[in-house]
Amino acid sequence: MQATESDPAARHQRREDRTMLILMTPALLVIVVLLVVPLAWLSWQSIWHDGFTLENYRRMFTGAYLDTFLLTFKLSIIVTVITLVLGYPVAYFAASLPPKLSALVLGMVILPFWTSVLVRTYAWLVLLQRTGLVNKALIASGLIDRPVQLAYNQFGTIIAMVHILLPFMVLPLYSAMQKIPPNLSQAGASLGGSPLHVFMRVFLPLSMSGVFAGVTLVFVLCLGFYITPELMGGGKSIMVSMVVSRNVEIYNSWGAASAVSVVLLICVGAIFYAASRVVPLEKTLGAK
Amino acid sequence: MNKLSFGRIVLGATVVLILLFLMVPVLIVVPLSFSDTRFMTFPPPAYSLRWYHSFFDNPAWIDAARTTLTASVCAALIATPLGVCAAYAIQNGTHWIMRYLRTLLMLPLMVPIIIVAVGVFFVYSQAGYVNTLGGLILADTMLGLPYVLISVGADLRTFDRTQEMVARSLGMNRFRSFMTVTLPQIKASVISGAVFVFIQALDETVVALFVSGGTNQTLTRRMFVTLRDEIDPTIAAISTMLTALTLCLVMIVVVSRRSGAARA
């Protein structure tokens, strides 16, 4: 950009950039009006109520609010760990199969991925209810002798969230593993490494970019998850998203809702920023 | 990889179990929707179309379905051209600000949906847009933009720009050269972008809970509100139809990608 006014190439480039900005304007306008402006307003609301105040934030560190944040983090960590443990072998297996078979495995991951979150939550409500299939199977197998409460609690919430978020883990893992040349592991084995040793020293480190992308995506989605905890949680375990919704819908308390939103946003922003230093943001979001 | 070791069999069996865990809940809804009892027992004691009747004979459900379909189609029709323009601009722009603007356009995927919903609700309540179809379409457009951007952006990155420059040097203006040279070659990603916007709008529930209501209630909002009270079997019928529709749409994407790949 140090070129002078008279440089025709630079002038052409500037005109080109201006055209591109104009082309982007309609999309930008939609995002700014419906997302950036409300986010700015929410931040303002959280610190301004007839003058500057930190009252809304002070409340974050007391009783119910603090419990909500801790519970949300706890559930998010549990769900992320389970999806990683379940997702890694699926992605590993799919990446090692011939193309036709791996497409079949991926298809079975992608179909639930594109099925409505509400539909899947409903399916779990049906499966886990007292007269549901899971309880019946458990009774038939003799493990329990009367139906146990599986839905409308944290257990049901975790199961349904793992089911909904598992594809978000498998897809980035698979796309990272697919790029690992198979002859690297073969080379490791031919040099005398045991399968486990080769896996730990060669394959696992090379698949870490996928692990980062998957963990980031699933964890962030967990933090803000609303539909499933609301329907499956039975009103007992209150997540951050439910606090935001209740403060607006029931109490009409924008100050509290906005402070919770800002804290949640800062958490999510920090996680995305940290992740973007390891894996490009586009890669992380690409799976979504 | 040809040797079938013991470890590989264990791995295969584990993966099959995990895949069953993924697929069964999606598929179980289908037989249940044809059950003729209120109680969602499996297998159903007898089959009937009772719950499909209960959907199609209820004007409230039909209205909700109409609202959802209208909003989804309109959002796809608006978000796709806006997203293609933005993806093209990101690909061709050189200014440093482009990187930041791209991140800005990806925000709907990063901001937790509940915060998006509260924010949109705030803007609409100031502008008197709550419970309007127009407001719903605009919100679905915003949520869908990143999908077009990702899909078309990835395609444009591998597209040979000189082709378009040749067309322009032969006297075509920029718009026409894009329409006749570039667009036909990135068609597959444009179609999949549009389909993703549609599916996202079809599935969107949280924003709709806040900004759609009255006569402009969406299907998912009505399902959510119903589910808060009871496990209504009508929802099994709706779920089956939604899943079938989504499956058809994903097929469109797969087919258009494949024919796109065949040409290239």
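**Salt bridges, within and between the chains**

Tutor: Arg246(A) is partly exposed, with a relative accessibility of 22%; buried means under 20% relative accessible area, exposed over 50%, and partly exposed in between (1.4 Å probe, protein chains only). The model is predicted: local features need pLDDT of at least 70, side-chain atom pairs count only at pLDDT 80 or more, totals for chains, interfaces and linings use all residues, and side-chain values use heavy atoms, with hydrogens and water left out. Residues are numbered from 1 along each chain as its sequence is written, while chains are lettered from A and ligands numbered from 1 in the order in which they are written.

The partner of Arg246(A) in a salt bridge is Glu230(A), with 2.8 Å between the closest N and O atoms. This pair links distant parts of the chain, 16 residues apart: Glu230(A) belongs to helix α11 (residues 227-232) of chain A and Arg246(A) to helix α12 (residues 240-249) of chain A. A salt bridge here is a side-chain nitrogen of Lys or Arg within 4 Å of a carboxyl oxygen of Asp or Glu, and helices are DSSP runs (H or I, at least four residues), numbered from the N terminus. Glu230(A) is buried, at 11% relative accessibility.

A second pair is found within one helix. Arg58(A) and Glu55(A) form a salt bridge of 3.1 Å, N to O, and both lie in helix α2 (residues 55-60) of chain A, three residues apart. An α-helix has 3.6 residues a turn, so residues three or four places apart point the same way. Arg58(A) is exposed at 54%, whereas Glu55(A) is partly exposed at 38%.

Asp63(B) is partly exposed, at 37%.

Over all chains there are five salt bridges, and one is counted between chain A and chain B. Arg174(B) and Glu16(A) form a salt bridge, with their closest N and O atoms 2.9 Å apart. The side of chain A that touches chain B takes its largest share, 21 residues, from helix α1 (residues 8-47) of chain A. In all, 77 residues of chain A are in contact (heavy atoms within 4.5 Å) with 83 residues of chain B.

Note on methods: Helix = DSSP H or I, 4+ residues; strand = E, 2+ residues; numbered from the N terminus.
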